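Please find below a colleague's note on the structure under discussion.

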Amino acid sequence: MKNKLLSLILGFTLILTGCGVTSTDKSYNEEAYMQNSTAASDETVSEEPGVTSDSAPKSGMLNNKSNPQSNTQRKLVKNSSMNLETKEFDEGMTYLLNLIEENGGYIQSQNTNGNSLYNKNDRFCRSATIIARIPSENLETTQNKISDKFNITYKNDFIDDITDSYYDTEAHLNTLKAQEKKLLELLDKAEELSDVIELEKALAQCRGDIDAFTGRLKRMDNQVAFSTITINLAEVIEYQDSYNAPLTFGEKIKRSFSVSGRHLQNFFSGMLFFIIEDLPLLLIQLVIFGAIILLVVWIIKKIRKSFAGKAPKTYGSAPVNYAEQFKKEVKDNKDIKENTKDKKE
């Protein structure tokens, strides 16, 4: 009996080597796979702890009893991105949030850029970004309602086909559950403690793989059932027309003059605002700075004047001025010569 049990364990160990291996053969017959996996999928939903037909995903991808044809459907992940313009920002934000909720969706993230407290009296165009999850069957309806309300400047719909990955994961999950059932049968028949320990180790590993593949399937079901839509909303004064015909040469020149005039207007208006708002303060600063400079100049002149009215003090012998001394010697020699000449006469 023991040898027979060990043989069964050895044979089953060879089976377990395929538990974590991903299938790379994509040429399987889908109809044959459907016949083999339908029964196992039914057993998966009924045996999994805490999972019932009510708690299964609404898309019916794991609940084959409620939708026998679910495995023949393509598993498509639909996402969308839209850039919108509005003249009524607050009203537009309220409309978008209500629209997402009405269509069974929810907000995944949201941020708004707008006026600061410092510039609350000035006009700044606001913008917002909303990332929402919406049931896939309501995505097109939501987009149509958005198109009726806002000016769309950009729209991008992209689809990711995960059919092959989904059915590969589901096939591995069914195989693992069948192996789990066999391990439980062997564990009931085991008599030796060593056999029980080995079987429990194999069972724990198999159940860990089952949990991993089950979580992966649930994530795929959620991606298929709910589409992600990214909405960028911008507040504008005038809507831009993205369907205009190309401008002619004359129209481009006219637009350039218009842009140049608008820049000049902004420049002079900015200078006027500067004069009105900041010039008084600047004048006060210039007066204070000028007063400080005048005070410094007055002090310097006062000091120079006080030193100019006093004779310099000498300490000890005065320094020798050789130029004056030379002039004096020349004059003395000249006087001596004149005196000698007078005496001779």
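Which exposed residues does helix 3 carry on the face turned away from its buried side?

1. That face of helix 3 carries Glu101 and Glu102, both exposed. It should be noted that the model is a predicted one.

2. The buried residues of helix 3 are Phe89, Gly92, Met93, Leu96, Leu99 and Ile100. They lie on the same side of the helix, because the arc they cover around its axis is only 130°.

3. The cover over these buried residues includes strand 1 (76-86), strand 2 (106-113), strand 3 (127-135), helix 4 (139-149) and strand 5 (226-235).

4. Helix 3 itself runs over residues 89-102, 14 residues in total. Its span from first to last C-alpha is 20 Å, close to the 20 Å expected at 1.5 Å a residue. After the helix comes glycine 104, which has a positive phi, near 80°.

5. With regard to the protein chain as a whole, eight helices and five strands are assigned, in the order α-α-β-α-β-β-α-β-α-α-β-α-α along the sequence. Of its 345 residues, 26% count as buried. Among contacts between residues at least 6 apart in sequence, 82% join residues at least 24 apart. The chain exposes about 24900 Å², of which carbon and sulfur atoms supply 57%.

6. A nonpolar patch on the surface is formed by Leu272, Phe273, Phe274, Ile275, Ile276, Leu282, Leu283 and Leu286, together contributing about 740 Å² of accessible area. Leucine 286 belongs to helix 7 (residues 249-308). Its relative accessible area is 51%, so leucine 286 counts as exposed, the cut-off being over 50%.

Conventions: Residues are numbered from 1 along each chain as its sequence is written. This is a predicted model: local features need pLDDT of at least 70, side-chain atom pairs count only at pLDDT 80 or more; totals for chains, interfaces and linings use all residues. Side-chain values use heavy atoms; hydrogens and water are left out. Patches are made of residues with over 30% relative accessible area and no salt bridge: like charges are joined within 9 Å, nonpolar side chains (Val, Leu, Ile, Met, Phe, Trp, Tyr) within 5 Å. Accessible areas come from the Shrake-Rupley method with a 1.4 Å probe; for residues, only the protein chains shown count as cover. A salt bridge is a side-chain nitrogen of Lys or Arg within 4 Å of a carboxyl oxygen of Asp or Glu. Helices (H or I, at least four residues) and strands (E, at least two) are DSSP runs, numbered from the N terminus. Buried means under 20% relative accessible area, exposed over 50%, partly exposed in between (1.4 Å probe, protein chains only). Contact means heavy atoms within 4.5 Å. The expected span of a helix is 1.5 Å times one less than its number of residues. The arc is that of the directions from the helix axis to the C-beta atoms.
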